[in-house]
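This report describes a protein model by its confidence, its cores, its helices and its charged pairs. Please keep the sequence and the structure in view while reading.

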Amino acid sequence: MSASRSTGTTDALGPDEDPEREPSAAAIPGSRLLAALLDGMDAALCAFDAHGTITHWNREAERILGWTAAEAVGRRGFAGWAVRGADAGDVQGRLMAVMDASGRQVHEFALLRKDGGRVLVRTQSSGVRGEDGKPAGVYCAFSEVHAQIDLERSIALSEALFEDASWGVVLVDVDLRPTVANAYAARALGGGRTALLGRPLGELIVQGVEDLEGALQHVLAEGSPAAPAELWVTLRTSEGDRRRCWRSGFLRLASPLAEEPVPLGVGWLFRDITAAKLAEQDADRVRFRANQSHRAARQAAECEDPMEAATTALDYAVAGFADHAVVDLLVDLEAGERLVRAVATPSDAPGPCLPVPGGPLPVRYAPGHPALQSVERTGSVRAAAPAGAGVAWAVERQWPGDSAHALCAVLRSRGRTLGVVTFLRAANRGAFERPDVTYAESVAARVAAAVDLARLTAGPDA
């Protein structure tokens, strides 16, 4: 408890005790309340009367300097015990000068600990006026300079993070709603800094919100993870949905004022790495496809039958690229040229690309079919099932029922069109894109060369 030698302190706050009042309702004595308030402060505090005598000394001051309240209260200034003799006059003069000034003054002093060590403190002092308005003393709050600097750095860091940081910072409360967001986060989430606050994350994120909320709940329950996480999300924006990848770190926030750690929420720091991840995925895809093409070429070189070489090339191409593949070849019939189904993968399950049992069968494609368009244009054609089309779209085009995306690449060799190869993907995979067309055309060139060789070796009637 802090000690006080000032006189005239009231013993209670409020009216005199009523003798009939319950004991529990009695007012707290004023000196005890003052002592409790002083000792509960995080900063060290001492007070001087108008003559420079110490009247108050709290526990934080005792912790920093080692002198107890009983040892400090009643001393005249710091001379001879808490400051070097050479500095005593300057320290005392600067502290007491504030009594006649207005406002607070900040100083830094080197004080002496009880064990003889020196500690640099930063003080904030202000004058105290009596009831008559005349200067009555000085109170002085002080803390170790390094602790003050640490606090200032923390505040400066917090302000910098929420102003111009080069990554997103969002404070999320225990209900998983944003409470503070910096400018980077606002841009990434597609809204203003204030417009994001208090809104459920599901209003901002179309897909991937479950993963993000799961990570936030885990942090609240278990603490901060050891490493950043990469989260893919789809955002709803005025330009449409955008898929983004965020490298995210999470920190559980706890109140420093509570005796036991009480979660205040989660600090979520993230950076948009979509471009880097897409480039990495593209590089991996190109590397894989180049490796598949190399293996297919070596395997096909060992095939005696050219059509076996063609199916081998398709087997390596389908892996990781499509769910199904079919090859339709142009043949001369009495009614003219028509496409016949020559090679296909199983329609009901993954499997190797094999010649159609019983020999090539004519396919009755309706006008405008993607395979016919590919032959007519001597180029590649992409197609996709409309939303809600179901299996009818694929069955109508004589493809496996689970097909939802198609890529037709024409087979040409020696300046002639030999047919078309069609790669098919199910609905759970993405549509074919321009890099996929390039890869499909390179596979079609190898298949066409093998088919052309097969026809040459089989004779003019093949």
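The confidence of the predictor in each residue is called pLDDT, and it runs from 0 to 100. The model shown here is a predicted one. Within the protein chain, helix α1 (residues 30-39) has the lowest confidence, at a mean of 72, whereas strand β17 (residues 403-413) has the highest, at 96. Residues 1-25 have a pLDDT below 50, and this stretch makes 36 contacts in the model beyond near neighbours in sequence. Where pLDDT is low, predicted coordinates should not be read in detail. For the protein chain, the mean pLDDT is 85, and 90% of the residues reach 70 or more.

**Nonpolar cores**

In soluble globular proteins, nonpolar side chains tend to be buried together. The largest nonpolar core of this model contains 32 residues. Leu314, Phe321, Leu411, Val421, Phe423 and Val447 are the residues with the most contacts inside this core. At least two core residues come from each of α9 (306-318), β12 (324-333), β13 (336-344), β17, β18 and α12. Helix α12 gives the most, with 9 residues. Apart from its neighbours within four places in sequence, valine 447 is in contact with Ala310, Ala313, Leu314 and Leu411. A second, separate core has 29 residues, including Trp57, Ala72, Val73 and Ala88.

Helix α5 (residues 145-161) consists of 17 residues. From its first C-alpha to its last, helix α5 reaches 24 Å, close to the 24 Å expected at 1.5 Å a residue. Which residues of α5 are buried? They are Val145, Gln148 and Leu161. The cover over these buried residues includes β3 (104-112), β4 (118-129), β5 (135-144) and β6 (168-172).

In helix α10 (residues 370-377), the buried residues are Pro370, Ala371, Ser374 and Val375. Seen down the axis of α10, these buried residues fall within an arc of 140 degrees, so they line one face of the helix. On the face of α10 turned away from the buried side are the exposed residues Glu376 and Arg377.

Threonine 378 has a relative accessible area of 41% and is partly exposed. Arginine 414 also is not a glycine, and its phi is positive, at about 55 degrees. Arginine 414 is located in the loop between β17 and β18. With a relative accessible area of 56%, arginine 414 is exposed, because exposed means over 50%.

**Salt bridges**

The structure holds 21 salt bridges. Three of them are listed below with the distance between nitrogen and oxygen.

| Aspartate 272 | Arginine 244 | 3.1 Å |

The side chains of aspartate 272 and arginine 244 meet in a salt bridge. This pair links distant parts of the chain, with aspartate 272 in strand β11 (residues 263-272) and arginine 244 in strand β10 (residues 240-254), 28 residues apart. Aspartate 272 is partly exposed, at a relative accessible area of 26%. Arginine 244 is likewise partly exposed, at 22% relative accessibility.

How far apart in helix α8 (residues 274-300) are arginine 285 and aspartate 282? They are 3 residues apart, and therefore separated by about one helical turn. Arginine 285 is partly exposed, at 33% relative accessibility, and aspartate 282 is partly exposed, with a relative accessible area of 39%.

Aspartate 452 in helix α12 (residues 434-458) and arginine 416 in strand β18 (residues 416-426) are 36 residues apart, so that the pair links distant parts of the chain. Is aspartate 452 buried or exposed? Aspartate 452 counts as buried, at 4% relative accessibility, because buried means under 20%. Elsewhere, salt bridges that share partners join Glu230, Arg247, Lys277 and Glu280 into one network.

Definitions and conventions: Residues are numbered from 1 along each chain as its sequence is written. This is a predicted model: local features need pLDDT of at least 70, side-chain atom pairs count only at pLDDT 80 or more; totals for chains, interfaces and linings use all residues. Side-chain values use heavy atoms; hydrogens and water are left out. Helices (H or I, at least four residues) and strands (E, at least two) are DSSP runs, numbered from the N terminus. Contact means heavy atoms within 4.5 Å. A salt bridge is a side-chain nitrogen of Lys or Arg within 4 Å of a carboxyl oxygen of Asp or Glu. Buried means under 20% relative accessible area, exposed over 50%, partly exposed in between (1.4 Å probe, protein chains only). The expected span of a helix is 1.5 Å times one less than its number of residues. The arc is that of the directions from the helix axis to the C-beta atoms. A nonpolar core is a set of buried Ala, Val, Leu, Ile, Met, Phe, Trp, Tyr and Cys residues joined through side-chain atoms within 4.5 Å.
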